[in-house]
Amino acid sequence: MYKNLLLLAARALIAAMFVPAGISTLSNIAGSSGYFAGLGFPLPTLVAWGVGLLELAGGGLVLVGCQTRAAALLLAAFALAAGFIGHYGQGGDDPVLAFMHSQALMKDIATAGGLLALSVAGSGAFSLDRG
């Protein structure tokens, strides 16, 4: 019983990061596109739509426990990619920005770790997957 409650809590906490991020990205495609253009992505508007949909759909699937193992693996890969592309080595000579980016990178790595654990453990009984 505790295992299933903790897996439900884990899914909710993970979704609490990805679902709002997806909504935010999709609600401001122009701003999101500008961010991705600044990172050097080609077709930044397409990237913004893809990222927003991945965050929203992946987070939603994890939340309700549908295809949890696959969604968690996909989001883990996304978190690692986003962390290294968006934060590794960023901040330049500004120690405050460098520290912030370092912390954001570590957050993305830790998030990926939690998602990998969820992909192994499964969604638990309180889910559409039921395991």
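Analyst: The questions and answers below concern a predicted model.

User: Which residues of helix α2 are buried, and against which helices do they pack?

Analyst: Helix α2 spans residues 29–38, and its buried residues are Ile29, Ser32, Ser33 and Phe36. Seen down the axis of α2, these residues fall within an arc of 100°, so they line one face of the helix. The packing partners of the buried residues are α1 (2–27) and α3 (44–64).

User: Which exposed residues does α2 carry on the face turned away from its buried side?

Analyst: The buried side of α2 is formed by residues that include Ile29 and Phe36. On the face turned away from that side, the exposed residues are Ala30 and Gly38.

User: How many residues of the contact of α3 with α4 are nonpolar?

Analyst: The crossing of these two helices is left-handed. Among the residues making the contact are Val51, Leu54 and Leu61 of α3, and Ala71, Leu75 and Phe78 of α4. By class, three residues of the contact are polar, one is charged, and the nonpolar ones number nine.

User: What is the relative orientation of α4 and α5?

Analyst: The axes of α4 and α5 (residues 95–121) come within 8 Å and cross at roughly 165°. The crossing of α4 and α5 is left-handed. Angles over 145 degrees count as roughly antiparallel. The two helices are therefore roughly antiparallel.

User: How many charged residues does the contact of α4 with α5 have?

Analyst: The contact includes Arg69, Leu73 and Phe84 of α4, and His101, Asp108 and Leu115 of α5. By class, 16 residues are nonpolar and six are polar, while the number of charged residues is two.

User: Where is Leu43 found, and is Leu43 buried or exposed?

Analyst: Leu43 is found in the loop between α2 and α3. Phi of Leu43 is near 50°, a positive value in a residue other than glycine. Most residues other than glycine have a negative phi. With a relative accessible area of 60%, Leu43 is exposed.

User: What is the relative accessibility of Gln67, in the loop between α3 and α4?

Analyst: Gln67, in the loop between α3 and α4, has a positive phi near 55°. Residues count as exposed over 50%. Gln67 counts as exposed, with a relative accessibility of 51%.

Notes:
Residues are numbered from 1 along each chain as its sequence is written. This is a predicted model: local features need pLDDT of at least 70, side-chain atom pairs count only at pLDDT 80 or more; totals for chains, interfaces and linings use all residues. Side-chain values use heavy atoms; hydrogens and water are left out. Buried means under 20% relative accessible area, exposed over 50%, partly exposed in between (1.4 Å probe, protein chains only). Helices (H or I, at least four residues) and strands (E, at least two) are DSSP runs, numbered from the N terminus. The arc is that of the directions from the helix axis to the C-beta atoms. Contact means heavy atoms within 4.5 Å. A crossing is left-handed if the near helix is turned anticlockwise from the far one by less than a right angle, and right-handed if clockwise. Ala, Val, Leu, Ile, Met, Phe, Trp, Tyr, Cys and Pro count as nonpolar, Asp, Glu, Lys and Arg as charged, and the others, Gly among them, as polar. Axes are lines fitted to C-alpha atoms, for helices over the stretch in contact, and angles run from 0 to 180 degrees between N-to-C directions. Angles under 35 degrees count as roughly parallel, over 145 as roughly antiparallel, 65 to 115 as roughly perpendicular and the rest as oblique.
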